[in-house]
Amino acid sequence: MPGLRFHPLTPDRLPDLELLFGPRGACAGCWCMWWKTTPAEWEKGKGAGNLDAMRRQVRAGVVPGILAYDSEGPVGWCAVEPRDAYSRLARSRTLAPVDGVPAWSVPCFFVARRARGTGLTSALLAAAEQHARRAGAEVLEGYPVDPRGETADAWLYTGLATTFLRSGFTEVARRSPTRPVMRKLLRAAPRGARARGRAPVRSRAGSSRRSRSPSRRDR
């Protein structure tokens with residue numbers, strides 16, 4: 001897509017996020033707060049509450065992600081922050097940390113209907129990588145779907161594993177048949193840092209085990 005522009009979400013760009021996400025808050029009133037809340041908190045805040053939470057964090061100086069723009073306006077979104085900003089990751093067995101390296105995470109994408117199928121997700125991932133590099137991140141993680149058969153678009157909000165592979169990411173763990181943990185090294189870790197962390201848990205790609213569609217427990 002020619003003419004794309006990418007900008008971190010700052011308070012002056014909140015109206016653009018709201019325009020992009022629309023009245024459904026991207027999906028079911030989420031407003032990209034799923035990864036930052038407990039199930040009870042998310043359910044209670046669904047819709048207006050989650051929007052208010054997003055507004056508060058951005059106005060407090062948090063930069064929770066990147067907006068993409070084309071000639072018509074905001075067209076895509078990618079969440080990217082230090083991994084510890086996403087409390088659900090800490091509680092997930094499927095997406096638990098693989099070692100002690102302080103990673104950044106890309107847990108969510110949203111692309112406007114007019115731009116789907118254009119490669120915008122790959123462009124957003126590249127913009128997120130640049131943002132994380134500028135912030136001093138050592139490692140960038142993603143939690144894409146590696147579908148076995150047809151998968152509804154609603155389950156692809158974390159991106160596809162093939163997108164991450166094309167962008168230079170490597171699978172470092174797979175605790176669910178369709179949910180790899182993928183990483184890209186952005187800069188060398190301080191000497192000895194990797195020795196202090198646990199070794200990455202690797203698993204065979206293309207396992208012959210019967211796969212299932214991802215569920216909320218995998219997210």
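**View 1. Surroundings of Ser 105 in the predicted model.** Not counting residues up to four places away in sequence, Ser 105 touches Ala 79, Val 80, Glu 81, Pro 82, Arg 83, Tyr 86, Leu 89, Leu 140, Glu 141 and Tyr 143; contact means heavy atoms within 4.5 Å. The residue is found in strand E4, where helices (H or I, at least four residues) and strands (E, at least two) are DSSP runs numbered from the N terminus. Ser 105 counts as buried because its relative accessibility is 0%; buried means under 20% relative accessible area, exposed over 50%, and partly exposed in between (1.4 Å probe, protein chains only). The side chains of Ser 105 and Tyr 143 are joined by a polar contact of 2.6 Å. Such a contact is a pair of N or O atoms within 3.5 Å; within protein, one must be able to donate a hydrogen and the other to accept it, and residues adjacent in sequence count only if both atoms are side-chain atoms.

The model is predicted: local features need pLDDT of at least 70, side-chain atom pairs count only at pLDDT 80 or more, and totals for chains, interfaces and linings use all residues. Residues are numbered from 1 along each chain as its sequence is written, and side-chain values use heavy atoms, with hydrogens and water left out.

**View 2. The sheet around strand E4.** Seven strands form an open sheet in the order E1-E2-E3-E4-E5-E7-E6, with mixed pairing; two strands pair if DSSP finds at least two bridges between them. E1 (5–8) and E6 (170–174) are the edge strands, each with a single partner, so one side of each has no neighbour in the sheet. On average, neighbouring strands are turned by 30 degrees against each other, direction ignored. Axes are lines fitted to C-alpha atoms, for helices over the stretch in contact, and angles run from 0 to 180 degrees between N-to-C directions. E4 (residues 104–111) pairs with E5 (residues 139–142) in the parallel sense over three bridges. In this pairing, Ser 105 stands opposite Glu 141 in E5. Helix H5 (residues 120–134) packs on the sheet and touches E1, E2, E3, E4, E5 and E7 (180–185), its direction making about 145 degrees with that of E4.

**View 3. Helix H1 across the strands.** H1 (residues 14–21) lies across E2 (65–70), E3 (73–82) and E4, and runs at about 110 degrees to E3. Leu 14, Leu 17, Leu 20 and Phe 21 of H1 are buried. Seen down the helix axis, the buried residues fall within an arc of 120 degrees, so they line one face of H1; the arc is that of the directions from the axis to the C-beta atoms. Their cover includes helix H3 (48–59), E2, E3 and E4. Pro 15 and Leu 19, on the other side of H1, are exposed.

View 4. For Cys 78, the nearest cysteine sulfur is that of Cys 108, 8.2 Å away. Cys 78 is buried, at 0% relative accessibility. For Cys 108, the nearest cysteine sulfur is that of Cys 32, 4.1 Å away. Cys 108 is also buried, with a relative accessible area of 12%.

View 5. Ala 28 is found in the loop between H1 and H2 (39–45), and has a positive phi of about 55 degrees although it is not a glycine. Its relative accessibility of 32% makes Ala 28 partly exposed. Trp 31, in the loop between H1 and H2, has a positive phi of about 55 degrees and is not a glycine. Trp 31 is buried, with a relative accessible area of 6%.

Note on methods. Disulfide = S-S within 2.5 Å.
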